[in-house]
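Dear colleague,

Please find below the structure that I am handing over to you. My notes on what was found in it follow directly after.

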Amino acid sequence: MNPLLKLIVKSHVWLYKASGGRRATTMRGRKIILLTTVGKKTGQPRTVPVVPFFEGDDMFVIASMGGAPTHPAWFLNLRANPDVGVQLGPNQWRARAVSVEGEERDRIWKGVTAAMPDFGKYQEKTSRVIPVVRLVRQETGSP
């Protein structure tokens with residue numbers, strides 16, 4: 001990740017957390033969650049802002065990385081350790097990240113691209129299948 005983008009992401013996460021989830025909670029009119037994974041190499045917590053997709057009570061995150069040829073680091077982290085922290089506004093909880101595959105992924109992907117067409121454009125830019133991950137709430141508490 002380029003150093004300027006890394007600084008912007010860190011600043012976004014800091015403002016979101018420092019404000020108790022009252023600031024930096026949207027991007028281009030979309031809700032933002034903070035997703036905390038455990039670094040697969042470092043074992044340290046890593047927090048990134050991510051745009052979620054909601055279907056009923058289910059929450060999904062899309063590992064698009066803007067259509068880059070490789071998966072984002074947060075996706076590789078949760079694949080190694082699927083226990084994650086989630087913050088939506090002031091609410092925080094633990095979740096289990098479960099990759100969605102096959103027909104279910106295709107159905108959800110249609111909803112994602114209908115609601116957020118940029119994701120369809122990202123898929124056109126890459127040969128990899130962009131992962132869709134369900135965040136299954138585990139318990140109430142801090143991530």
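At a relative accessible area of 7%, Pro52 counts as buried (buried means under 20% relative accessible area, exposed over 50% and partly exposed in between, with a 1.4 Å probe and protein chains only). Pro52 belongs to strand 5, residues 52–55; helices (H or I, at least four residues) and strands (E, at least two) are DSSP runs numbered from the N terminus. Its C-alpha lies 6.7 Å from that of Ile33, although 19 residues separate Pro52 and Ile33 in sequence.

**Basis of the values**

Please note that this is a predicted model, in which local features need pLDDT of at least 70 and side-chain atom pairs count only at pLDDT 80 or more, while totals for chains, interfaces and linings use all residues. Residues are numbered from 1 along each chain as its sequence is written, and side-chain values use heavy atoms, with hydrogens and water left out.

**Salt bridges**

The structure holds 7 salt bridges, a salt bridge being a side-chain nitrogen of Lys or Arg within 4 Å of a carboxyl oxygen of Asp or Glu. One of them joins the side chains of Arg134 and Asp58, at 3.7 Å from N to O. This pair links distant parts of the chain, with Arg134 in strand 9 (residues 132–140) and Asp58 in strand 6 (residues 58–62), 76 residues apart. Arg134 is buried, with a relative accessible area of 16%, whereas Asp58 is partly exposed at 30%.

Arg134 also forms a salt bridge with Glu104, where the closest N and O atoms are 2.5 Å apart. Glu104 lies in helix 3 and Arg134 in strand 9, so this pair ties together parts that are 30 residues apart in sequence. The relative accessible area of Glu104 is 31%, which makes Glu104 partly exposed.

A further salt bridge is that of Asp106 with Arg105, with 3.8 Å between the closest N and O atoms. Asp106 is partly exposed at 42% relative accessibility, and Arg105 is buried at 9%.

**Helix 3**

Helix 3 comprises 14 residues, 102–115, and reaches 20 Å from its first C-alpha to its last, close to the 20 Å expected at 1.5 Å a residue (the expected span is 1.5 Å times one less than the number of residues). Which residues of helix 3 are buried? They are Arg105, Ile108, Trp109 and Val112. These residues cover an arc of only 110° around the axis, which puts them on the same side of helix 3; the arc is that of the directions from the helix axis to the C-beta atoms. Glu103, Lys110 and Ala114 are exposed on the other side of helix 3.

**Aromatic pairs**

A search of the whole structure finds 3 aromatic pairs (rings of Phe, Tyr and Trp, the last by its six-membered ring, pair if their centres lie within 6.5 Å; planes under 30 degrees apart count as stacked, over 60 as edge-to-face and the rest as tilted). Among them, Phe53 and Phe60 have ring centres 6.3 Å apart and planes at 40°, so the pair is tilted. Both Phe53 and Phe60 are buried. Trp74 and Phe75 form an edge-to-face pair, 6.5 Å centre to centre with 85° between the planes. Trp74 is buried at 12% relative accessibility, as is Phe75 at 3%.
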